Amino acid sequence: MKSNKSIILCAAVFLTTGLNVLGQTPARSVDSYLSTAKAAAGTQWAGTFARLCIPPPPAPARSGAGPAAAAPPGGRAAPARDTWYAEPMKVADNLYFLGTKGYTSWAIVGSEGIILIEAIFDYAVKDEVIDGMKKLGLDPNKIKYVVLSHAHGDHDGGAKYLQDTIKGVRLVYGLEDWELVEQQGANRQGGQPKHDMVGDDGMVITVGDASVKVLTMPGHTAGTLSYLFEVRDNGKPMRIAYVGGTAIPFDGTGEYYNRYIASSRKVAKAAAAYGATALLSNHTEFDNAYFKAHVAAARKGGEANPFDLGATGVANYFKVVEDCATAARIRATGK
């Protein structure tokens with residue numbers, strides 16, 4: 001006669017193998033996805049985990065002190081400079097950090113010009129991009145392309161300024177985000193840039209020996225763009241995946257989350273095939289770029305680049321994103 005312990009073990013094996021034979025697996029819980037996301041995040045992607053996996057507390061109710069002050073036409077008022085200004089920094093042989101403390105912009109220097117990724121806030125673009133490049137010995141007039149991940153003012157508020165300031169510069173948005181720019185009209189933050197290039201999936205933008213490959217990544221916005229590009233670091237190639245939109249709502253539809261997850265998987269696959277060993281985003285909270293840029297700029301010759309995390313480090317970022325988004329979908333829709 002079998003012992004109770006043997007009977008329990010056999011029943012557990014039967015349930016597990018039976019479900020597998022039938023092509024079914026037990027549904028994973030929210031906590032299960034949070035646990036695998038937390039493990040993948042480690043210390044490198046802790047900010048991404050916090051933003052995507054942990055819903056924010058409800059906004060406090062306003063007191064009876066009266067209505068909030070209205071923002072000026074064209075967007076928000078500029079905060080005090082010392083709260084956002086960051087010095088420009090060289091982080092690789094031909095890659096330069098031109099962002100604020102919280103929002104990033106990058107210059108990739110090629111033999112026939114410069115590609116700028118992001119135009120940050122309208123109030124910061126002159127100080128950080130134009131003046132920052134001059135501090136680093138770069139000529140802003142050599143910017144040939146400004147590629148914009150999406151049409152939110154923290155990343156494209158300076159687009160019109162750059163278009164008006166740099167002769168012949170080309171602006172690149174995803175198709176749906178060009179439509180968003182036009183819907184917002186002249187009162188959008190930083191003003192309305194003139195319609196220019198559409199970033200199509202697989203497009204390659206080149207300035208001599210430097211180039212950026214465009215990947216459409218609908219999710220954060222319908223026209224979000226991400227990028228793959230190679231820079232040189234201590235004379236050696238370093239391949240980078242740049243994610244153009246990371247944040248998600250916590251009250252979205254199943255369709256929204258499924259599209260977001262599918263886009264993330266697509267870019268993860270492309271990054272792996274490309275051999276990306278570094279990952280950038282456009283918020284310091286996601287990739288620690290502001291802090292890593294300081295470390296990279298202060299290196300002595302031959303020291304490793306803090307952005308270079310290896311293929312596994314890049315894959316872990318996408319694991320965090322997918323599992324957090326899946327947990328958010330289950331919370332919002334029940335499945």
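These are my notebook entries on a predicted model of a single chain.

**Ground rules**

I number residues from 1 along each chain as its sequence is written. Since the model is predicted, local features need pLDDT of at least 70 and side-chain atom pairs count only at pLDDT 80 or more, while totals for chains, interfaces and linings use all residues; side-chain values use heavy atoms, with hydrogens and water left out.

**Entry 1: the whole chain**

I started with the overall tally and found 11 helices and 12 strands. Helices here are DSSP runs of H or I with at least four residues, strands are runs of E with at least two, and both are numbered from the N terminus. Of the 335 residues in the chain, 47% are buried. For burial I use relative accessible area: buried is under 20%, exposed is over 50%, and partly exposed is in between, with a 1.4 Å probe and protein chains only.

I then looked up the accessible surface, which comes to about 16000 Å², with 57% of that belonging to carbon and sulfur atoms. The areas come from the Shrake-Rupley method with a 1.4 Å probe, and for residues only the protein chains shown count as cover. For contacts (heavy atoms within 4.5 Å), I took those with a separation of 6 or more, and 67% of them are between residues 24 or more positions apart.

**Entry 2: the seven-stranded sheet**

Next I traced an open sheet of seven strands in the order S1-S2-S3-S4-S5-S6-S7, with mixed pairing. S1 (89-92) and S7 (197-198) are at the edges with a single partner strand each, so one side of each has no neighbour in the sheet. Strands count as paired if DSSP finds at least two bridges between them.

I walked in from S1. S1 and S2 run antiparallel and are joined by three bridges; Lys90 has Tyr96 in S2 as its bridge partner. S2 (residues 95-97) also pairs with S3 in the antiparallel sense, over three bridges, and there Phe97 stands opposite Trp106. On to S4 (residues 113-117): S3 pairs with S4 over five bridges, again antiparallel. A hairpin of two residues makes the join between S3 and S4, and Gly110 has Gly113 in S4 as its bridge partner.

I also checked what lies over the other end. Helix H7 (residues 175-184) lies across S6 (170-173) and S7, at about 105° to S6. That angle is between N-to-C directions on a scale from 0 to 180 degrees, using axes fitted to C-alpha atoms, for helices over the stretch in contact.

**Entry 3: is S3 buried or exposed?**

I wanted to know which residues of S3 are covered on each side. Side chains in a regular strand alternate between the two faces of the sheet. In S3 both faces are covered: Trp106, Ile108 and Gly110 are buried on one side, Ala107 and Val109 on the other. That makes five of five residues buried in S3 (residues 106-110).

Most residues other than glycine have a negative phi. Ile120 has a positive one, near 40°. Ile120 lies in the loop between S4 and helix H4 (125-135) and is buried at 0% relative accessibility. Asn288 also has a positive phi, of about 60°. Asn288 is in the loop between helix H9 (284-287) and helix H10 (289-297), and is partly exposed at 27%.

**Entry 4: rings**

I counted 14 aromatic pairs. The rule takes rings of Phe, Tyr and Trp (its six-membered ring) with centres within 6.5 Å; planes under 30 degrees apart are stacked, over 60 edge-to-face, and the rest tilted.

Trp45 and Tyr317 are edge-to-face, 5.3 Å centre to centre with 70° between the planes. Trp45 is in the loop between helix H2 (30-41) and helix H3 (46-53) and Tyr317 is in helix H11 (residues 310-333), so this pair ties together parts 272 residues apart in sequence. Trp45 is buried at 1% and Tyr317 is buried at 2%.

Tyr256 and Tyr260 are stacked, at 6.2 Å and 25°. Both lie in helix H8 (residues 254-274), four residues apart, about one turn of the helix.

I noted one aromatic cluster made of Trp84, Tyr85, Tyr103, Phe121 and Tyr123. Arg81 has its charged end over the ring of Tyr85, 4.0 Å from the centre. Arg28 lies over the face of Tyr33, 3.8 Å from the ring centre. My cut-off for a charge over a ring is NZ of Lys or CZ of Arg within 6 Å of the ring centre and within 35 degrees of the ring normal.
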